[in-house]
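Thanks for coming. I will take a few local features of one model in turn, so please keep the viewer open.

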Amino acid sequence: MRTMTAAALIVTLTSVAALAQTPTAGAPSAAKPAAPAPAASTAPKPVKTTTVRPDGTSVPARPTTQTPVDTANAMAAQERQAIQSDLAWVGAYNGAINGEASERLITAIKTFQKDNSGKTTGVLNPQERAALAAAAKALQDAAGWKIGLDPVNGIRLGLPTKLAPVQSATAAGTKWSSAQGQIQIETWRNKDTNLTIAAMADSEKKEPAGRRIDYSVVKPDFFVLSGLQGLKKFYVRGQIKGSEVRGITILYDQATEGSMAPVVIAMSSAFAPFSGSEIALTVAPPPRKKVEYATGIVVSKDGGIVTDRNAVDGCETIVIPGRGNADRLRDDQARELALLRVYGSTDWKPVGFGGAWKSEVTVTGIADPQNQGGGGTISSMAAHLTSNGGDVKLAPAPGVGFSGAAVTDADGKFAGLALLKSAVVAGPTPVPAQAALVPAEIVRTFLTAAKVTVAAGLSDAKASVVRVICIRK
């Protein structure tokens, strides 16, 4: 058996509450074990999905009243996972970051809302989702959070590189620690033809001597232990494959618990001991939804609308609620723009072009109905623009449904169109959604080539944005 002294142990976090209810190799939590959460509904409650308009067209209908868990279930799994991750980083969520909808997730959302003086609905509105993402990103940056591979064992793991910047090799893996050793993180492996996960867990309970176990879970393929080792907190996770167990030990001073607790949850979720170097940090995009929501910007009085090209890619039908079906007239693949047209009315209120964008802006769009209880409310959020080599980034990224939203500067001038790159999942750790700006002048050039004459001057962005619904086969 492998022996491990206190000096050889390593880094970080607290106990793992969520594994008590999650019998998988997913991430446990870092606080005291919580009571098992009630099982989540596996599907939303039946709702009316379409409405037939007088002209005979069918459009998605506003769903009937649904619970927060129903709303979470209706989200894409990667969006739920991103929300779980962000909530864990801000200390509101203590559980497996696995994309499951549960009462534990809803409780965490309510905790975040209460902590930020919001209404505790259990459903994040676009402004709350943006604030949560920004707060989590700030904490990740402060910790120096990175996903990488242990160079010795090939274990995929997340590391707080600013909290534990000192790297060294050990006999069975790699160690990262803070300068004075308050935080230590160590990977390890043990290989024996007679090795079992239960025997490995039992050994870890006893070595080094004096460990006090506060939390223990042993499953057929993995184990988790946490508690106190002297004056430090420890967390150990091991997983077996064949005759080999690979694991991670985190050891940290109790004084660092406030910053380390969310890091431990994130590290546990990112831990993939047998993935190997073939794991990439980017993955293929998820399958396209049958019904996808975006925002469009009215650019002419006769029904011209510009939006995100990807949001209307592969649509059998494109619907503008309250207006009817739209035709897709023109694309710009390089700039990710699409021009739509709804025929039959001339009372549209186009956005006004004029002026150069400034760093502080307002994003106006319509969040996905799943994120606003089935509604179609137009909302705005503050954001910041930064330019890097010609690309203009928008932060924080708005929520799902805002791709194609209007971006205006402090003077109310149209700055451009927001493009949202949805959150994806690299293994168990989500990659946060990102957003970019297509500047107004590029949008103008695209429209000019399509023989659309844009309006000049100021305009009310809320009067010039519409919901765009893409219906695929």
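Leaving aside its neighbours within four places in sequence, which residues is Ser464 in contact with? They are Gly296, Ile297, Val298, Lys349, Pro350, Val351 and Ser459, where contact means heavy atoms within 4.5 Å.

Some ground rules before I continue. This is a predicted model, in which local features need pLDDT of at least 70, side-chain atom pairs count only at pLDDT 80 or more, and totals for chains, interfaces and linings use all residues. Residues are numbered from 1 along each chain as its sequence is written, and side-chain values use heavy atoms, with hydrogens and water left out.

Back to Ser464. It sits in the loop between strand S27 (455-456) and strand S28 (465-471); helices (H or I, at least four residues) and strands (E, at least two) are DSSP runs, numbered from the N terminus. Ser464 is buried, with a relative accessible area of 2%. Buried means under 20% relative accessible area, exposed over 50%, and partly exposed in between, using a 1.4 Å probe and protein chains only.

Next, backbone geometry. Most residues other than glycine have a negative phi, and most peptide bonds are trans. The bond from Glu207 to Pro208 is cis, with omega near -5 degrees, and Pro208 is in the loop between helix H5 (197-206) and strand S8 (211-218). The bond from Ala395 to Pro396 is also cis, with omega near -5 degrees; Pro396 belongs to the loop between strand S21 (391-395) and strand S22 (406-409).

Two non-glycine residues have a positive phi: Glu336 at about 60 degrees and Lys451 at about 65 degrees. Glu336 is in the loop between strand S16 (327-332) and strand S17 (337-341), and Lys451 in the loop between helix H7 (440-449) and S27. Glu336 is buried at 17% relative accessibility, whereas Lys451 is exposed at 77%.

Last, charge pairs. How many salt bridges does the structure hold? There are 15, each being a side-chain nitrogen of Lys or Arg within 4 Å of a carboxyl oxygen of Asp or Glu. One of them joins Asp141 and Lys137, with the closest N and O atoms 3.0 Å apart. These two are separated by about one helical turn because they are 4 residues apart in helix H4 (residues 126-143). Asp141 is partly exposed at 37%, and Lys137 is partly exposed at 41%.

Arg211 pairs with Glu204 in a salt bridge at 3.2 Å between the closest N and O atoms, and both residues are buried.

That is my list; questions are welcome.
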